[in-house]
Amino acid sequence: MPTSFDETTIESEGADLLLLTTTGARSGTERTTPLGYVRHGELILLIGSGSGAPGHPGWYHDLLAHPVVRVEIGTSTFQVLAVPAEGDRRDELFAHAVKRVPGYADYQARTERVLPVVVLERADPEGWRPGEVRTLADKVMEVHTWLRGQLRQVAAEADAHFAGRADRRGPDEPPVPGLGLQIRQRCLAFCQALEFHHTSEDGHLFPGIARYHPDVGDTFARLDEEHRAVARIQTALAELLAGIAIAEPDRFRAELARMSAELNAHLDYEEETIVPLLADVPWPPAPPAEAATGPS
């Protein structure tokens, strides 16, 4: 954990403090930074001031690459989705932050860049309510339900965006914006969670099941091919999400539709063929029995 509190000490005057743990954009390693934060109703706001430096702070670049971050406030630790605010909303939230911490205005005056305002939101999809998990089948279904919920939310936000685009096609209307950071951050978080899930299945879950059920080899061959097909779409989405703005909204929408069709069909097949085999496997797994310590 960093021991220098130069920027944080100044920023925290009038603000509260939290610990933000991000995943390095290049290194992939975790990094924890103490930061001042400001509340706005139920929202938690972070200001990427960098003490007025010409470039955005490292933690900001990290959360653009890995949107799900860990936050520690007092004795509470939780995961959130980090979404930089844009346009008028950013200006409104920054004005609120300045009222709480006037020093932010001084930092803005020192630099030509626009200080980012990052909103910490729920990382789970809307309406998510985790159920009781007693077996490995329950756990797999919980993950599938979470992935489906995230995908539905990204699709709903994208549909709303395109509906807005359709309403702004008049000759006197301002240029239609590309897809915003809200959609980008949630979709990127979904893609990274999906990759982790499929990697875990390929590396651990499926080989473990195969040892006890050698008769379902054809099923695993199909699941492996479906993982590859989904991964190709995921790669295409990740390329579109590489920039801060999604430069090709129409292509993004098409790839998202492909992802929805392929992934839901894959999850349906896995739930039909593999999940029933896990119904009697307790979760979480029991700890390994301790070795006997009697005389040899």
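I started with the largest pocket, which has a volume of about 980 Å³. For pockets I worked on a 1 Å grid over the protein atoms alone: a pocket is an open set of points where a 1.4 Å probe fits, with protein on both sides within 12 Å along at least five of seven lines, and lining residues have an atom within 4 Å of a point. Grid points are joined across faces, edges and corners, and the volume is the space filled by probe spheres set on the points.

This is a predicted model, so local features need pLDDT of at least 70 and side-chain atom pairs count only at pLDDT 80 or more, while totals for chains, interfaces and linings use all residues. Residues are numbered from 1 along each chain as its sequence is written, and side-chain values use heavy atoms, with hydrogens and water left out.

**Largest pocket.** I looked up the lining and found 29 residues, with Val-143, Ala-193, Phe-196, His-197 and Ser-200 nearest the centre. β1 (16–23), β4 (68–73), α5 (136–166) and α6 (181–212) each give two or more residues to this lining. Helices (H or I, at least four residues) and strands (E, at least two) are DSSP runs, numbered from the N terminus. α6 gives the most, nine residues. By class I noted 14 nonpolar, nine polar and six charged. Here Ala, Val, Leu, Ile, Met, Phe, Trp, Tyr, Cys and Pro count as nonpolar, Asp, Glu, Lys and Arg as charged, and the others, Gly among them, as polar.

**Second largest pocket.** This one holds about 250 Å³ of space. I found 13 lining residues, and Leu-136, Leu-205, Gly-208, Leu-278 and Val-281 are the closest to its centre. α6 again supplies the largest share, four residues. The lining has eleven nonpolar residues, two polar and no charged.

**Fold.** I noted eight helices and six strands. Their order from the N terminus is α-β-β-β-α-β-β-α-α-β-α-α-α-α. Of the 296 residues, 44% are buried (under 20% relative accessible area; exposed is over 50%, partly exposed in between; 1.4 Å probe, protein chains only).

**Cores.** The largest nonpolar core has 25 residues, and Cys-187, Phe-190, Leu-194, Phe-252, Leu-256, Met-259 and Leu-263 have the most contacts inside it. A nonpolar core is a set of buried Ala, Val, Leu, Ile, Met, Phe, Trp, Tyr and Cys residues joined through side-chain atoms within 4.5 Å. α5, α6, α7 (217–240) and α8 (249–273) each supply at least two of its residues. I then checked Cys-187: beyond its neighbours within four places in sequence, Cys-187 is in contact (heavy atoms within 4.5 Å) with Val-154, Leu-241, Phe-252 and Leu-256.

**Lys-139.** Lys-139 sits in helix α5. I list Lys-139 as partly exposed because its relative accessibility is 28%. Leaving aside neighbours within four places in sequence, Lys-139 is in contact with Val-133 and Trp-283. Lys-139 and Pro-282 are 143 residues apart in sequence, yet 9.8 Å apart in space, C-alpha to C-alpha.

**Backbone.** Most residues other than glycine have a negative phi, and most peptide bonds are trans. I found a cis peptide bond between Trp-283 and Pro-284, with omega about 0°. Pro-284 lies in the segment after α8. Ser-51, not a glycine, has a positive phi near 55°. I placed Ser-51 in the loop between β3 (43–47) and α2 (58–65). Ser-51 counts as partly exposed, since its relative accessibility is 24%.
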